[in-house]
Amino acid sequence: MSLHSFDFIPISIVVAFSLLVLSSCSSEEFAVVPPQERVQAIEQLQQAKQTDLEDAKDISLGPIAEGDYLAQADKADSAIRDLKQHSDVPRSEVSDALFVPPKHLSPAMRAQLVKKLEQARALDDEKWRNNLGSEDENWLTLLCDIQARRATRVIKKLETGEPVSWFDINDAMTTPEEIP
């Protein structure tokens, strides 16, 4: 089955959400790809890299999408190299590199992303409130404010149908647990 098929797009969104949600889970961060799974992981990464490079050539998607695809192809290439050279490659690195951004976001997908971003923004606001008066108040409140602004900016782009990069989406999804 081709990665370009209709069935792959919802799967890629699920993978994206999984990456965004699981990125802060400590047990997932440190799990490594076992030796018996390396060959299969390398093959999947090579296929994802090829798809990313092909999609990057689609000028109808615009320069933001091209950048996303080239960045993902680079992640796949890096993960392939790491799997070939190292024994302790995190599963999270491989999962992140396997993600192929969808060519288009449906209104339902945009709504799901907006919901996740609103949740992340609410967590930023909560951490901001919880750290008022603390020793690190200025630093933490500044970081939380920056994250909330990022989320707001990406939400606006998603709601208005503007192009937005997956890097910006991932960056805006950073939760307060990931902020020191």
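Predicted model: local features only at pLDDT ≥ 70, side-chain atom pairs only at ≥ 80, totals over all residues.
**Aromatic pair and nonpolar cores**

Residues are numbered from 1 along each chain as its sequence is written, and side-chain values use heavy atoms, leaving out hydrogens and water.

The partners are Phe99 and Trp166, with ring centres 5.1 Å apart and planes at 75°, so they meet edge-to-face (over 60 degrees; under 30 is stacked, the rest tilted). Phe99 sits in the loop between α5 (91–98) and α6, and Trp166 in helix α8, so the pair ties together parts 67 residues apart in sequence (helices are DSSP runs of H or I, at least four residues, numbered from the N terminus). Phe99 is buried at 4% relative accessibility, and Trp166 at 8% (buried is under 20% relative accessible area, exposed over 50%, with a 1.4 Å probe and protein chains only).

Trp166 also belongs to the largest nonpolar core, which has 15 residues; among those with the most contacts inside this core are Leu105, Leu113 and Ile169 (a core is a set of buried Ala, Val, Leu, Ile, Met, Phe, Trp, Tyr and Cys residues joined through side-chain atoms within 4.5 Å). Helices α6 (107–130), α7 (137–160) and α8 (166–172) each give two or more residues to this core. A second, separate core of 11 residues includes Ile42, Leu45, Leu83 and Val89.

Conventions
Phe/Tyr/Trp six-rings, centres within 6.5 Å; stacked < 30°, edge-to-face > 60°.
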